[in-house]
Amino acid sequence: MNQDDLKSVLERHRRWLDTDGQEGARAVLSGVSLTGRSLWRADLRQACLDGANLTGANLDHASLYGASLRDARLARASLWQADLRNADLNNADLRGAKLDHADLHGATMHGANLSDATLWGARLGNTDLRRVIGLTAGQLQNAQMDDETRHSLAPLP
């Protein structure tokens, strides 16, 4: 997808959000390759990015609230301070992703691969991490969790 096409999709999506679906169109970027692209501060709330290739993409400060990212490739992507609340990240490849200070409250992450991802200051309230691949206690050491956060890792000594 070229930059002009992406810009058009994002503009139509913005109209769709602003008009509660009366105008514009929901962003559907399923299977699209956006490898290494900058989507800094992009408003992708409720967008469909299932199977999209976002390897190495810059999604810092992006709003992905309620977005569907099933099977998306986000390896080495930067999601610093991204809003991923209630996002569907099932089976997403997040190996080496930077999720520092990201808000993952209520995200679903069954089968997501978090090997070597950073979660410094990430908000993981009401997030089920029991079926996440590659997650270590060290990654959770500086994350923000609450009583609703579920994981199966023993705390660090």
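How many helices and how many strands are there in the protein chain?

## Overall fold and dimensions

Let's start with that count: the protein chain has 2 helices and 0 strands. Keep in mind as you look around that this is a predicted model.

The C-alpha trace spans about 55 × 30 × 20 Å along its principal axes. The radius of gyration of the protein chain is 15 Å, which agrees with the value near 15 Å that a compact globule of 157 residues would have. Among contacts between residues at least 6 apart in sequence, 8% join residues at least 24 apart.

## Surface and charge

About 7700 Å² of the protein chain is accessible surface, and carbon and sulfur atoms account for 44% of that area. As for charge, you will find 18 positive and 20 negative side chains, with the centres of the two sets 3 Å apart.

## The nonpolar core

Turning inward, 47% of the 157 residues count as buried. The largest nonpolar core holds 46 residues, and those touching the most other members are Leu54, Leu74, Leu79, Leu84 and Met109.

Beyond its neighbours within four places in sequence, Leu79 is in contact with several leucines, Leu59, Leu64, Leu84, Leu94 and Leu99.

## A look at Asp147

Asp147 sits in the segment that follows helix H2 (137-140). Is this residue, Asp147, buried or exposed? Asp147 counts as exposed because its relative accessibility is 79%, and the cut-off for exposed is over 50%.

Thr127 is 20 residues from Asp147 along the chain, and 9.9 Å separates the C-alpha atoms of the two.

Notes: Residues numbered from 1 in each chain as written. Predicted model: local features only at pLDDT ≥ 70, side-chain atom pairs only at ≥ 80, totals over all residues. Heavy atoms only, no water. Helix = DSSP H or I, 4+ residues; strand = E, 2+ residues; numbered from the N terminus. Rg over C-alpha atoms; globule rule 2.2 N^0.38 Å. Buried < 20%, exposed > 50% of the residue type's maximum accessible area, 1.4 Å probe, protein only. Contact = heavy atoms within 4.5 Å. Areas by Shrake-Rupley, 256 points an atom, 1.4 Å probe, with all protein chains shown as cover. Lys, Arg positive; Asp, Glu negative; His and termini not counted. Charge placed at Lys NZ, Arg CZ, Asp CG, Glu CD. Core = buried A, V, L, I, M, F, W, Y, C linked by side-chain atoms within 4.5 Å.
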